[in-house]
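Me: I'd like to learn how to read pockets and helix packing in a model. Can we go through one together?

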Amino acid sequence: MWPPAAAHTDGPSSERTPLLPPRQGPHQDLRVNFVAGAVEPRKAAALERLLWRACRGFLIASFREAERQLEDPLTGEPVTWMTFLISYWGEQIGQKIRKITDCFHCHIFPFLEEEAARHGTLQQLQQQSQELQEVLRETEGFLSQVLGQVQQLLPRGQVQVRKMKAVYLALNQCSVSSTHKCLVAEAWCATQDLPALQQALRESSSEAGVSAVAHRIACRDMPPTLIRTNRFTASFQSIVDAYGVGCYQEVNPAPYTIITFPFLFAVMFGDVGHGLLVFLFALAMVLAENRPAVRTAQNEIWQTFFGGRYLLLLMGLFSIYTGFIYNECFSRATTIFPSGWSVAAMANQSGWSDAFLSQHPLLTLDPNVTGVFLGPYPFGIDPVWSLATNHLSFLNPFKMKMSVILGVTHMAFGVLLGVFNHV
């Protein structure tokens with residue numbers, strides 16, 4: 001039954017007015033108790049069902065999902081908890097509730113009976129929360145400062161670690177002489193590097209107080225091949241090494257490959273437009289090669305392109321050259337110079353009439369007619385060939401003959417290098 005409407009207009013004091021009249025009789029000292037806590041969401045349904053059955057319904061349980069995730073005290077991972085509030089009446093029911101919540105590993109929050117104590121506890125928790133937030137901010141600031149200092153010292157530390165690892169790797173390859181109680185290392189060294197090696201040994205011996213001496217030993221074994229490269233020749237040398245490393249004192253074909261490999265590629269890939277794109281892409285990598293972000297990129301495709309940037313640069317440059325010879329820019333012919341063929345002279349002197357033109361869709365230019373052929377094209381293929389029906393029949397044999405000439409020249413040069421190796 002609803003209370004009278006006047007009961008809602010008593011002012012703020014009506015919020016503290018008890019809903020139930022005070023008890024009379026032997027049970028007037030009994031009051032409603034509360035248990036509040038948190039439980040994992042997967043256990044909430046089972047906990048509610050067991051509480052209802054064990055306490056025979058003499059309780060009121062309210063479950064609600066927490067607004068934000070909290071850290072699990074055991075695993076440290078963020079977990080969404082289910083908070084609950086249980087209202088009960090009687091000490092025996094309270095004991096059952098506490099046992100059941102302990103079995104479900106619930107986190108129980110203390111509930112003080114006096115209102116002033118509850119307000120004091122709330123203020124104390126808020127103050128502790130503010131203090132912890134301040135500590136976290138200070139800790140984050142301190143850690144950021146430490147990480148900033150580590151970031152500045154990290155490159156030098158990495159260099160030192162790499163040097164130490166290289167030193168220990170060299171020491172592990174030495175053999176121990178039990179007679180002289182020293183380490184003996186047998187290694188190959190280039191003749192021009194012997195003064196530098198001896199100077200390094202003297203400097204290290206004077207600093208460490210241990211003598212180190214380098215002796216030249218006569219050996220009949222074939223020395224290993226030492227090929228010095230730089231950032232420009234490294235990519236060409238890797239191409240040659242893919243076919244096989246030459247023996248000691250053989251002619252190294254890598255310097256000649258710097259010209260032959262890009263040019264033979266350009267014979268196949270002759271196009272001014274496409275070659276210009278490859279050239280600009282490689283030029284951008286060459287200009288930015290000293291930037292740390294470019295050199296330390298971990299992308300495998302980028303590392304492949306960056307390692308062969310000078311190779312791509314020459315391939316694009318030679319492709320532009322052969323593209324001018326083929327007179328192709330993005331597979332289209334360009335008219336750089338005036339064509340050496342004149343159709344007007346053919347029409348004026350050969351007697352092409354309207355009836356003849358209507359019956360013959362294909363026309364042939366006759367160079368024997370005066371004024372039809374004005375002379376060879378200054379450079380490359382005449383653009384008039386792009387309009388001819390026998391364009392491929394002319395261009396393909398031209399490329400094939402040029403490929404044969406280049407191939408024979410290339411092979412003859414290889415045989416010449418073999419003569420030097422034989423001698």
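Me: Which residues lie nearest the centre of the second largest pocket?

Reply: The general idea is that rolling a probe the size of a water molecule over the atoms shows where empty space is left. Here, 19 residues line the second largest pocket, and Leu70, Phe109, Thr121, Leu122 and Leu125 are nearest its centre. A pocket is an open set of points on a 1 Å grid over the protein atoms alone, where a 1.4 Å probe fits, with protein on both sides within 12 Å along at least five of seven lines; lining residues have an atom within 4 Å of a point. Keep in mind that this is a predicted model, where local features need pLDDT of at least 70 and side-chain atom pairs count only at pLDDT 80 or more, while totals for chains, interfaces and linings use all residues. Residues are numbered from 1 along each chain as its sequence is written, and side-chain values use heavy atoms, with hydrogens and water left out.

Me: Which element gives the most to that lining?

Reply: Helix 3, with 8 residues. Strand 1 (33-39) and helix 3 (115-172) each supply at least two lining residues; helices (H or I, at least four residues) and strands (E, at least two) are DSSP runs, numbered from the N terminus.

Me: How do helix 5 and helix 6 cross?

Reply: Two packed helices are described by the angle between their axes and the distance between the axes. The axes of helix 5 and helix 6 (residues 254-268) cross at roughly 95 degrees and come within 9 Å. Axes are lines fitted to C-alpha atoms, for helices over the stretch in contact, with angles from 0 to 180 degrees between N-to-C directions. The pair is therefore roughly perpendicular (65 to 115 degrees).

Terms used: Parallel < 35°, antiparallel > 145°, perpendicular 65-115°, else oblique.
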